[in-house]
Amino acid sequence: MASVAIQGTDLNKWFGEGDARTHAVRDVSFDAFFGEMLYIEGPSGSGKTTLLSMISGILRPTSGHVTLEGQDIWAMTDDQLADFRLNKIGFVFQDYHLFPRLTTLENAAIPLVLKKTEWDRAMDEAIRYLDVVGLKDRAALPPVKLSGGEQQRVAIARAIASQPDVLVFDEPTASLDGDTGRKIVDFVKREILTDRRCIILVTHDARIFEFADRIMKMEDGRLRRIEDARPH
Amino acid sequence: MKGILRIAYRLLVNDRGKFAALLVGMTFAVFLMISMTSMFAGILGKASATVINIGARVWVMDPAVFTVASSIPMPDYVLDAVRSIEGVRYAVPLYSGSALVKLRDGTYQAVTVLGLDDASLFGRPYLVEGSVEDLYSENAFAVVRDSEFPKLGNPRIGTEFELNDHRAVITGIAEVAVSGLFGIPTLYTTYNRAIQYIPSMRNTTSFILVEPRSAAAVPAIERRVRELGYLALTSDEFKDRIATFYKYQTGLGTNVLLMTVISFVVGLSISGQTFYTFILENLDKFGALKAIGARGSVLTRMILFQATFTALTSYGLGIGLSSLVIFGAKLRLPSYAATVTYRNLGLAFAMVVVIAAISSVIGVRRVIRIEPFEIFRG
């Protein structure tokens, strides 16, 4: 049995006030394990992204706990939480959020620079991660010169550059055509997922369900069930 | 340069359009501020031209005198009284007045006439043509070769003209450190000739120029002169008095101050607005950095660096541009009054720092408030 990478307990999130108050996530508890690719799936407005934000340390839950290595991340100070995200979580945003004024290499090196790695060393390390995602020869180009799939790979290189325990993907295939989306997720499963890493991926794209180990089904902010998607 | 500052630098300068707009805005503001204050400094410098050129260490005058041009003649006994003050090495009279000269072509030209002590010629200018002794010859005058010199028809040694129906002859061509403010030529002659040629009141001594025995003697001299009912000032104090007069009693200072403030406000609004737009356009990127794990202090440092870099670059460009314009203007207009002083540069620097600080605060406040969750939600 793989060990627990991150654990959510009784997570609730309310947005707004008064009549506009919305219960976005309701009493969600789950464990995510190292070595697994865990999907959070559900229709639009079901609370997937809100849940992902709470477990990755960027949105404070109204109640509940998120625990990583036995530590409640929401008991941390702002700076501790920033350090936690930098060292433990790798983000791949839906729109990638690459910096168009920087080169592909500099984009991939950002977490290393934030970790105060000396500039030349950061670039040397970042080129290795670009090599992992097959974009070493594109290192000097700005991201706008790359295709959508390549930009997604740069975002992945950036996310793994800090060697995080948990990688979170928000709708990774939303901006890609079906074939490219499948290839990317296949690549992530084969090359990025390790025994010491957990990947949590928010999606409602059924074309990539075949790569999931487990799928958390969300609906109206509730976790309806967790399905084991591994072939038996 | 630290890595994160290098990232901040590239985010700034690689956005060429915005960076250029920021530079243009702030450079223009610096240019305006330095130009305004330099013109004012130039005017003040020219207003004290006689004090600088004469070079006396202590000036004695009527307490109601605020500029060299508005002297109030003192009775002769004051000169004797000053000479008798302990600590005075010597004291000489100076005549300062204005007159009309009639040139050989029949035209009239206003001039400033300075009458130097006959015995010592203390305060005489450096003569580039002619000799000092020639000032003792009949009807002798030395003319200052400055930007106003052509108004006397570019006189040479021996050139004659009329001054209050008296014949006057140029016996020397002089050069001085600073030319006057009022755009009229300056003539030097002896004190006695000056009061003989120019209609005067009963009292004729415009100023008494004092050389103290030592710097320590100056306060006592000033006190004794005050007891006589007159005012003794060191040359620096007199220049300050003249500057104060022009700043606060002519409206000149208020106008320049207003124009400087306007240029500051223009610079602040242009750069503040442009910098804020730059921050807004990069807000999602700052949000992404925050989500990835950048602390608030790191983002603050990035923005401060960007604002400071822009401000300092603009400051340098603004100084260069204003110096170039002043240099060009002086080539075309020799009497153009503008002097870039360290004080002007310091003032402009302080204002640029304020502009950068306000721009930074606006940007930092916005960036610190970003919720990384907004990035996830797109």
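Here are a few worked exercises on a predicted model with chains A and B.

**Exercise 1. Overall shape of chain B**

Work out how the radius of gyration of chain B compares with that of a compact globule of 378 residues.

*Solution.* Start with the reference value: a compact globule of 378 residues would come out near 21 Å. Now take chain B itself, which has 29 Å. Next, look at the box filled by its C-alpha atoms along the principal axes, roughly 95 × 50 × 35 Å. For the secondary structure, count 12 helices and 10 strands in chain B.

**Exercise 2. A helix pair in chain B**

Classify the packing of α2(B) against α7(B): which angle do the helices make, and what is the handedness of the crossing?

*Solution.* Step one, locate the helices: α2 of chain B is residues 16-47, and α7 of chain B is residues 235-248. Step two, read the geometry: they pack at an angle of about 130°, and their axes are 9 Å apart. Step three, name the arrangement: because angles of 65 to 115 degrees count as roughly perpendicular and those over 145 as roughly antiparallel, α2(B) is oblique to α7(B). Step four, the hand: α2(B) and α7(B) cross in a right-handed way.

Who does the touching? From α2(B) come Ile43(B), Leu44(B) and Ala47(B), and they meet Ile242(B), Ala243(B) and Tyr246(B) of α7(B). Sorted by class, this contact has 6 nonpolar, no polar and no charged residues.

**Exercise 3. Where chain A meets chain B**

Describe the chain A side of the contact with chain B: how many residues take part, and which element gives the largest share?

*Solution.* Begin with the totals: 27 residues of chain A contact 24 residues of chain B. Next, list the elements of chain A that give two or more residues to its side: α1 (48-55), α2 (78-88), α3 (104-114) and α4 (119-132). Of the elements of chain A, α2(A) gives the largest share, with 6 residues.

Note on methods
Residues are numbered from 1 along each chain as its sequence is written. Chains are lettered from A and ligands numbered from 1 in the order in which they are written. This is a predicted model: local features need pLDDT of at least 70, side-chain atom pairs count only at pLDDT 80 or more; totals for chains, interfaces and linings use all residues. Axes are lines fitted to C-alpha atoms, for helices over the stretch in contact, and angles run from 0 to 180 degrees between N-to-C directions. Helices (H or I, at least four residues) and strands (E, at least two) are DSSP runs, numbered from the N terminus. Angles under 35 degrees count as roughly parallel, over 145 as roughly antiparallel, 65 to 115 as roughly perpendicular and the rest as oblique. A crossing is left-handed if the near helix is turned anticlockwise from the far one by less than a right angle, and right-handed if clockwise. Two residues are in contact if their C-beta atoms, placed from the backbone, lie within 7 Å. Ala, Val, Leu, Ile, Met, Phe, Trp, Tyr, Cys and Pro count as nonpolar, Asp, Glu, Lys and Arg as charged, and the others, Gly among them, as polar. The radius of gyration is taken over C-alpha atoms; the globule rule is 2.2 Å times the number of residues to the power 0.38.
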